[in-house]
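Hi,

Here is the structure I said I'd pass on.

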Amino acid sequence: MNELLLELSGIGKTYAAPVLAGVDLAIRAGEVHALLGANGAGKSTLSRIIAGLVPPSAGTMRLAGQPYAPDGKHAAEAGGVQIVQQELNLIPTLSVAENLLLTRLPRRWGVIDRRALRAAAARILASAGLAALDPAQPVSALGVGQQQLVEIAGALARTCRLLILDEPTAALSVSEADALLARVDQLRRAGVAIIYISHRLDEVARIADRITVLRDGRLVHSGPAAGMTTTEMVALMSGETQAAAGGAWRSYATDRVVLEAEGLALPPRLHAGSFRVRAGERLGIAGLVGAGRSELLRAVFGAERASAGTVRLRGRPVRFASPAQAVASGLALITEERKRDGALLPLSVRANTSLGVLPARAGVVAGAAEARLAERFRALLDTRCTSIEQPVGALSGGNQQKVVIARWLARDADIYLFDEPTRGIDVAARRRIHQLFAELAERGKALVIVSSDLDELLETCDAIHVLSAGRDAGTFARGDWSRAGLMQAAFHNHLDAPVEVA
């Protein structure tokens, strides 16, 4: 192994309560060091300390043998430390090129040199396998997965000794994730140290040289990745001696179709999207990033107005003019972008959970009833917070997602539209949410689940409908699908000579 690059000794961090305590860690040049742990274990806090975004409350750091105590992100970057965080930090109103080179815009006579900016951005995108993206288009025009790739491309364009990647593939398709992992391997061979945070344990097993596990803010394991199974990783993260075993598949789908979409269009991404879901059914929606999956759910829910197509609810044609109408008709949408569309970050866990559920009398919500509701769903989803009065914005990304899901579960809807429901969620919480899918289906609820993680859909769904480049590419029933067939369908409308789709 190469020389020691970063050394942490006794790192601690306290906010209202300790979130890190006595963490020792050694990172070597030219290694991929996976940092694992459940949501709230302290992974993101530790990475933010290393990147200079927050100071430690205790402990010391050394970088390349020298004392290292960055007083901000720029100081860390000057030392060769780069970070790509789980939550996107792009400015949506600026172009791709401006976001890539925001701190080093080329100028001529005191004015931004647009030609040089575009050329530099094009080189960065090409080196990251994103040559098809137009550097001049606004970031707001991109999907979440493409935005994630742009942010990663910007980090990889800078010379760095240590790169921190926090859930870099959470919003990526399989092919995009493979391309990113190949780039990570190139950086490793070039001598760059990489801290890799991911809940996708198959990726960790594939790419990591060493694995460190945090649990409740403390380091519980650090050692070589070779020979460690994903079951052992889960056990270390959860503290259990054995990962919970999954039972045999059981379907609760009935013959009663409750929601149908036919030929929905929402240009430029969605051109002809259709599906039908029955009471008690778990229907997955698969496809590459940009295939129009999120747009399909938003068009059904009335969050965006479809330019073509029809929706039938319980056999009757409907066209929701707003999400409020969809909610009143028994639909719920758990959105992909929790910070923008899902949670009210300044408000408490209590207020977010009960929002829209408990009636107000004289403008005041009954505090005791609200607290009981919030505590029930906090326990149900194992949401990690200091109390239900903690602002949702102070929680980790995965725990924010749990609060959003709790709010919709509290409404007891008839039809649940889940858009990337376990993005950024730890393994134990992911398993609990999958159990909730089964519990909702058993109660006769209909579920439509969009996920970039094909394994998640294979594990949880009765059937999987595939979109390819904004168009339907086939529906596959459990027992009749194969991973190869699903992937062929996802690429169906991207090929010059389309493959046969069942």
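**A buried glutamate without a partner**

Glutamate 151 is buried but has no salt bridge, and the nearest side chain of opposite charge, lysine 73, is 6.2 Å away. Some terms before going on: buried means under 20% relative accessible area, exposed means over 50%, and partly exposed is in between, with a 1.4 Å probe and protein chains only. A salt bridge here is a side-chain nitrogen of Lys or Arg within 4 Å of a carboxyl oxygen of Asp or Glu. For charge, Lys and Arg count as positive and Asp and Glu as negative, while His and the chain ends are not counted.

Keep in mind that this is a predicted model: local features need pLDDT of at least 70, side-chain atom pairs count only at pLDDT 80 or more, and totals for chains, interfaces and linings use all residues. Residues are numbered from 1 along each chain as its sequence is written, and side-chain values use heavy atoms, with hydrogens and water left out.

So what does glutamate 151 touch, not counting residues up to four places away in sequence? Its contacts (heavy atoms within 4.5 Å) are Val84, Leu88, Asn89 and Leu90. Glutamate 151 sits in helix α5; helices (H or I, at least four residues) and strands (E, at least two) are DSSP runs numbered from the N terminus. In α5, 13 of the 13 residues are buried, so the helix is largely enclosed by the rest of the structure. The length of α5 (residues 144-156) checks out too: at 1.5 Å a residue its 13 residues should span 18 Å, and the end C-alpha atoms are 18 Å apart. That expected span is 1.5 Å times one less than the number of residues.

**Salt bridges**

Lysine 73 does have a partner: glutamate 77 forms a salt bridge with lysine 73, the closest N and O atoms being 4.0 Å apart. Both belong to helix α2 (residues 73-78), four residues apart, or about one turn of the helix. Lysine 73 is partly exposed, with a relative accessible area of 34%.

How many salt bridges does a search of the whole structure find? The count is 27. One of them joins arginine 206 to aspartate 178, with the closest N and O atoms 2.9 Å apart. Arginine 206 is in helix α7 (residues 201-207) and aspartate 178 in helix α6 (residues 174-189), so this pair ties together parts that are 28 residues apart in sequence. Aspartate 178 is partly exposed at 31% relative accessible area.

Helix α6 also holds aspartate 185 and arginine 189, four residues apart and separated by about one helical turn. They form a salt bridge whose closest N and O atoms are 2.5 Å apart. Aspartate 185 is partly exposed at 24% relative accessibility, while arginine 189 counts as exposed at 59%. Elsewhere, Arg314, Asp412, Asp414, Arg443 and Lys445 are linked in a network of salt bridges.

Most residues other than glycine have a negative phi, and most peptide bonds are trans. Alanine 64 has a positive phi of about 55 degrees although it is not a glycine. You'll find alanine 64 in the loop between β4 (58-63) and β5 (66-67), partly exposed at 36% relative accessible area. Aspartate 382 also has a positive phi, near 55 degrees; its place is the loop between α13 (367-381) and α14 (397-411), and at 39% relative accessibility it counts as partly exposed.

Which form does the peptide bond from proline 267 to proline 268 take, cis or trans? That bond is cis, with omega near 10 degrees. Proline 268 lies in the loop between β13 (257-266) and β14 (270-278).

**Two loops to look at**

Serine 95 is in the loop between β6 (81-84) and α3 (96-100) and is buried, with a relative accessible area of 10%. Leaving aside neighbours within four places in sequence, serine 95 is in contact with Pro135, Ala136, Gln137, Pro138 and Val139.

Leucine 347 is in the loop between α11 (338-342) and α12 (349-354), and is partly exposed at 38% relative accessibility.

Cheers
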